[in-house]
Amino acid sequence: MKKAMRRAWPLLLAVVAAAAIAAALEGLLAIYAMHAVDAMFQRDRAAFNETVRSLLLVAGGLIPAMLLLAACRGWFKRRAAVAAKVDYVRRLFSKHINEFQAENNAGYVSILTNDCNTIEADYIDGIYACVVGIINFGVAVLVIGLVSPWALVAGVVVSVVSAVLSGLIAKPMQRHQAQRSEMYATYTAYIKEALSAFHIIKGNDLTGKVRADYRAKSSAIQHKGYLIDRLLTWMISLNRLNFVLTFIGLMGATVFMGLKGIITVGGVILIITNVERLMNPLEKLGESLPKIFGTAKLFARIEGTLQNRDDHPETVAADRLDGALHVDGVSFSFADNDVLRDVNLRLEKGGKYLVVGPSGGGKTTLLKLLRKYYAPQSGRLLLGDQDLRAVTKDSYFRRIANVEQQVFLFEDTVRHNLTLYKDYPDDMLSMALDRAGLREFLERLPQGLDSLILENGKNISGGERSRLAIARALLNRADIIFLDEAFASLDASAARAIERTLLELHGITVVNVSHVSFPDTRPLYTKVVTVKNKGVQVA
Amino acid sequence: MRNLLLKRPQALARYVLACFFPVATELLAVWGFARLIGSIQVGRMDYFWQSLWLTIGLGLLGIGLFISSRFMRIGFMRDTILDVRLSAFDKILSHSYDTFNRQSKEVYLSHLINDVNTFERDFFLTLLNVIFAAGRYVFAIVIILTMDVWFALGTVAASLLLYLVSARFEKRTVRIKEELSTNSERFTVELANTFNGLEILKLNRVEGKFLRKTLASIDRIERKKLDFAVFTEGQRSLTGFLSNLVFVAMLVYLLTRGFDGLSLTLLTLQLQLAASCVMPVGAVMPMFNELKASLAIYRKITASQPEAAGAVRRIQPYHFSQRIEAQGLSFAYADQAILRDVNLRLEKGRKYLVRGASGSGKSTLLKLLSMVQAGYSGALTLDGVPYSQVDEAGFNANIAFIYQDVFLFEDTIRNNITLFKPASDSHLQAVAEKAGLADLVASRGQGLEEPLLENGKNLSGGQRQRISIARAIFKQAELLFVDEGTASLNEELGRAVEETILALDSTVLAVSHRHYPGVTERYDYVLELVNGRVVQYAAADYFEAVAV
């Protein structure tokens, strides 16, 4: 991600140029102001008038310079932010499905929104602030050095001391902030729970208890904030004390030099008004650098979400799945938790298999293995005599179709939801619709296939969703259809009708994973596979 | 808002007073600074040292004032924000099921987290800054007036001019900002949708299309951000330029006065007051807007909703001894009729099984009868009393749900079953047994006292469902609503739980696809939903004639 952001570096050069011009003009302004003051003290009207003219001229030149800097900054930020996000999304899309799903989707969204905002604020803006700060600092050094090298040395020393001190002071604050943000995380989790339990709270008269819990938790959060505020008061005071003593000290020294005639009155005013230009960039650097370095952890975490742990090379493309799918001595476990142990199973081409078993018995894991979401830890999956591990995902997915209990719908037309943006002849579409029992549903829709499915499929019932997924699978002309509790939200008669359709498909392997089975369709299956106690029995 | 602040009048007075401390600090610092610079012109060393010590003294005084100002403010802030949190929460808790369900949970969550945090971050900070900027402005002008009337008037005019210039930009800034925030909201939703479907997208090899779509949205949103950044920066540059120009003009004017003998001290003092106290008043405008925005947030999250016009007061106590009756009950969801002219009667103590094709309105019927959903037409009565008049709390206290989604507290198994009501161990064990939880309880080291992790992370789907069943059994509610209550259980367990439900004294209304031969037939009646209408069968007839 960081590497991708290098594409924005050329624009950073533009920022450097614009910032240099703006800073130089501001420096000139300060110098002319000094001359004007000195002219006044020397009672030299002519020189004064001339200086004022230059002063106004420079001030006029400042506006285009500032606008240019603003534009460069915007371009730089845009290029960098786009590069970062595009890189992330691209790589995220190329992650393996199982590894993608191992983490919560909200996490990815949060990286692209919250974390990218942090990167923008801390890293991109941080780099910008550093670059501009260094340039402003350089100009301030030149301007002050012009008047008095001694004042310059004193100014730099004071600024460095002040920046270092405020850096040190920030440390304990960060610890407190981290504690508070942890508190916020649990607080948020609590509120989420309470909100989801609304009907339970109301229905069981728990309002009083929840209110008291909430009060206690909120109060703890506010109190922590209060403690931080208190600490912050002392920290800021220390910082101010440091500032008061060093700044006034420097001012005193400059005025002293003015009194002794070492520098002119204009020079004194110039130094005093420009010391801030020395201090500000250093302070900014002190703020930005820890932030820039702080993003290293964030970048590492983001990279972590993109890693594919399994990187077995896939070299073989499967054109047609002609042979049997053979599960050969396969074992699989999540961490220490064995799910399948030494499973042997042979799914013949065109066979119809019903996979049943208790919840938590390993049905879903077996299905995911068959779908090539992950590779077994021991044993092999063979497609014909080809190890499935070496088959490319793209070619395998082209040959399989999947129907889930949770059907994913796009906010698009019914047609696109069916075809998934591929072209099919109308008669094929029509046949798939009939077989999936969607005809009646379509007739109810005002615009038929071109009706829109609303956000999250609000205008389509659970059963209709399942049928849509089944129609998708039929359209796909796949060699294997995997059903994962596909009938769970259908009523019995509809489920059986569709099940029959699927079982009559010639030459297509059907693997139906389900916790319910109907006595009358059961005999239509080639085999019934029972998955339980980490193994399978075939009957 | 006024009530919130005036709840602690003394603390509020202290707070406002404390907001003026920084004004004093600033004015004193300006005076010290001018005197120190002026000492060059005076040219006496003793005057210089005196001025230097004075400036240091004023700086230290400023720190003292800062500390006391903070301590006078932060306690008040803490207590006030806590009040905001509590009233926002109370507002949510005061909803009825029906009004609560009108918005998604995320909206409430965002009220309680994001909005409160924004309010906390912005409100007091802007309030302080507004008071500070306004106080500084007034005092600085009064001081300049005593020294040079024309300069004072000129400064005021210049500051007003700058103010008007930035005010002109303000509206557009707010508009772009709003656009930006709606855009990023849309982007977030789009992302979440795509990620939820990524498995399907990949399985069907259409992820490329969605990748391009996502990248295009990123580009679009970043372009909007660029527009906004350049616009605001440009505006800042322009106002910055104008104030620079004004500063130069003031400098030139004062220097000209210097030719006429204005002392360096007074010159510096006036320049400083004008430049750093009067001119920044332009910055107050956005602060006012922020303050307004904070107040809007406060109103949004705490204002109680006005009762719908013509709402009937719920004055009738809950009483259920005979029947629930629906007459001509109809319900539509977004123009789509779901229930049409439904007539049914639930006799107390009977068990009803609701069947029907998917999408036929089974869940809707359950929601209407359990008072979770309103907005129906027709009549719905409990022992003859219209639902809309029945006391909701009393009703809720006597009903129980077994739903597919179970909410679990981060607490012990015991408290998750009893929902914090007292219960004897033996009774609870019996309940756990009936709900098929005995194995789970026995397998955990601490039995009933075993804590559940956040939202039951350490439980399987079936176990979670059994907890919800145990809750319902424990509550001994008069009315039990079951929606696919055994769907995540295996055959054997599902059958056992179904038997338990049928053996309860409660009136049961259950939606289920599952059929347990020999058990399911023991329901009293089957309500079949066809085309939005309900047909009632005696269970015995239904299972014999209509078949499964």
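**Loops, rings and the shape of chain B**

Let's start with Tyr421(A), which sits in the loop between helix H11 (414-419) and helix H12 (426-435) of chain A; helices here are DSSP runs of H or I with at least four residues, strands are runs of E with at least two, and both are numbered from the N terminus. Please keep in mind that this is a predicted model, in which local features need pLDDT of at least 70, side-chain atom pairs count only at pLDDT 80 or more, and totals for chains, interfaces and linings use all residues. Residues are numbered from 1 along each chain as its sequence is written, chains are lettered from A and ligands numbered from 1 in the order in which they are written, and side-chain values use heavy atoms, with hydrogens and water left out.

What draws the eye at Tyr421(A) is a phi near 65°, a positive value in a residue other than glycine. Most residues other than glycine have a negative phi. In chain B, Glu484(B) has a positive phi of about 50° although it is not a glycine. Its place is the loop between strand S7 (479-483) and helix H17 (491-503) of chain B. With 11% relative accessibility, Glu484(B) counts as buried (buried is under 20% relative accessible area, exposed over 50%, partly exposed in between, with a 1.4 Å probe and protein chains only).

Helix H9 of chain A (residues 363-370) deserves a moment too: six of its eight residues are buried, so the helix is largely enclosed by the rest of the structure. The buried ones are Lys363(A), Thr365(A), Leu366(A), Leu367(A), Leu369(A) and Leu370(A).

Now for the rings. A pair of aromatic rings is described by the distance of the centres and the angle of the planes. Rings of Phe, Tyr and Trp (its six-membered ring) pair if their centres lie within 6.5 Å, and planes under 30 degrees apart count as stacked, over 60 as edge-to-face and the rest as tilted. By this rule there are 29 aromatic pairs over all chains. One of them, between Phe256(A) and Phe48(B), is tilted, at 5.9 Å centre to centre and 45° between the planes. Phe256(A) lies in helix H7 (residues 207-259) of chain A and Phe48(B) in helix H3 (residues 45-93) of chain B, so this pair joins two chains. Phe256(A) is partly exposed at a relative accessible area of 30%, whereas Phe48(B) is buried at 1%. Tyr387(B) and Phe395(B), with ring centres 5.6 Å apart and planes at 65°, form an edge-to-face pair. Tyr387(B) is buried, at 2% relative accessible area, and Phe395(B) is buried at 0%. Elsewhere in chain B, ring pairs link Tyr15(B), Phe76(B), Phe119(B), Phe123(B), Phe124(B) and Tyr298(B) into a cluster.

Finally, the wider setting in chain B. Its secondary structure comes to 18 helices and ten strands. The radius of gyration is 35 Å, well over the 24 Å that the globule rule gives for 548 residues, so chain B is more spread out than a compact globule (the radius is taken over C-alpha atoms, and the rule is 2.2 Å times the number of residues to the power 0.38). Along the principal axes, the C-alpha atoms of chain B fill a box of roughly 115 × 55 × 50 Å. Of the 548 residues in chain B, 51% count as buried.
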